[in-house]
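Here's a quick briefing to read with the model open in your viewer.

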Amino acid sequence: MEKNKFYAGIDVGGTKIAGILATARGKIINRVKSPTPKDASPGKITRIISGLLEEMLYASGLRKKDLLTAGIGIPGVVDTKTGRIIRTPNMKISGSSFRNILEKKLKIKCLLGNDANLGMLGERWLGAARNTQNAVGIFIGTGIGAGIIANGALISGSHGAAAELGHMIIRDDGPKCSCGNIGCLEALAGRWAIERDIKQAAKRGEKTIITKLLDKKTDTLKSKILRKALKNHDNLTLEIVTAAAQQLGIACVSIRHIFDPEMIVLGGGVIEACGDFIIPIVKKKVEKDRFFSDIGECSIAPSELGDDAVVLGAVALAKTQL
Ligand SMILES: [Zn+2]
């Protein structure tokens, strides 16, 4: 019997690099992760990915020749044709021909994609958006990334920068965004925006248990802390997360008018932790849209793959190239 062939899926994240080996049907046979170095460079990231692949192959009793291709999710704008990284806001690996560097070291064909795009590809392959032809995924973590499937295919745009829904301007009198614009969805509903609003209110003297819950060392407001505060009916947190969810709902209404999707999948760390609070608010906004009242449904569904969406999407991408 001929031995199975496998694919690698890698998610290069701001805090960790995660990898899987999977079959063509998406069965995960091994998984590994490693922290992302603070001073990440294309060379350093490549060495880590190479090490992770070796580790997974060894642990699974496989060799390099059992591996067909690798898909790699990048937190930024990627030119999928040339494999160049155009922009990575939170990491210094932009401007590099990353695919060439990877292929030289790994000696297998590598395909690069934006992480949120791949997350949506994963959800469509094996997650919440299975069997859909038109679906949108919005992933709310520190920032907000997204992926759009239209007529069965991922939209990449003319520069690989399509579906950057986190930077749609929702309020032009809103707060400044990390991208330089004013009032982007991310600046209203991303985790960093929620953190900014809660900390500002606490500074003004508003009472919140968040000040007690914050990790004294890092001082970052993780999604898990938000969840705790919501569970404890912390008024300030309830108010600010509700406002963020409403902005997300407004964005979903507009997204629906552009793409008429069957489904909008919501995922990412904030949704993993606080989805049961946020999703009903988003649903309500979308259901109130009178335009679609006699046209049809658009369900608002939580991600089913969670942390595995990007790595499985990377495998889905890797599979397309054979
Ligand atoms: Zn922005």
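What follows is a short tour by topic.

This is a predicted model, so to speak of local features here takes a pLDDT of at least 70, side-chain atom pairs count only at pLDDT 80 or more, and totals for chains, interfaces and linings use all residues. Residues are numbered from 1 along each chain as its sequence is written, and side-chain values use heavy atoms, with hydrogens and water left out.

- For reference, the ideal angle for four tetrahedral donors is 109.5 degrees.
- Cysteine 177 is buried, at 6% relative accessible area, whereas cysteine 179 is partly exposed, at 35%.
- The cut-offs are: buried under 20% relative accessible area, exposed over 50%, partly exposed in between, using a 1.4 Å probe and protein chains only.

**Helices H5 and H8**

- Helix H5 covers residues 191-203 and helix H8 covers 235-259; they pack at an angle of about 145° with axes 10 Å apart.
- Helices (H or I, at least four residues) and strands (E, at least two) are DSSP runs, numbered from the N terminus.
- The axes are lines fitted to C-alpha atoms, for helices over the stretch in contact, with angles from 0 to 180 degrees between N-to-C directions.
- On the H5 side, the contact is made by Ile194, Asp197, Ile198, Ala201 and Ala202; H8 brings Leu236, Thr237, Ile240, Val241 and Ala244.
- Contact means heavy atoms within 4.5 Å.
- Sorted by class, the contact of H5 with H8 has 8 nonpolar residues, 1 polar and 1 charged; Ala, Val, Leu, Ile, Met, Phe, Trp, Tyr, Cys and Pro count as nonpolar, Asp, Glu, Lys and Arg as charged, and the others, Gly among them, as polar.
- Threonine 237 sits in helix H8 and counts as buried, with 0% relative accessibility.
- Setting aside neighbours within four places in sequence, threonine 237 touches Ile198, Thr208, Ile210, Leu226, Ala229, Leu230 and Thr242.

**Positive phi values**

- Most residues other than glycine have a negative phi.
- Asparagine 131 is not a glycine, yet its phi is positive, about 70°.
- You'll find asparagine 131 in the loop between helix H3 (115-126) and strand E8 (135-140), where it is exposed at 75% relative accessibility.
- Histidine 233 also has a positive phi, near 55°.
- Histidine 233 lies in the loop between helix H7 (223-231) and H8, and it is exposed, with a relative accessible area of 60%.

- Isoleucine 49 is part of helix H1 and is buried, at 0% relative accessibility.
- Beyond neighbours within four places in sequence, isoleucine 49 is in contact with Ile10, Val12, Ile17, Leu102 and Leu106.
- Isoleucine 49 and leucine 106 are 57 residues apart in sequence but 8.5 Å apart in space, C-alpha to C-alpha.
- Serine 60 is in the loop between helix H1 (42-59) and strand E4 (67-74), and is partly exposed at 25% relative accessible area.
- Leaving out neighbours within four places in sequence, serine 60 contacts Leu21, Ile29 and Asn30.
- From serine 60 to asparagine 30 is 30 residues in sequence and 6.9 Å in space, C-alpha to C-alpha.

**Phenylalanine 291**

- Phenylalanine 291 is in the loop between helix H9 (269-287) and strand E12 (299-302), and counts as exposed at 53% relative accessibility.
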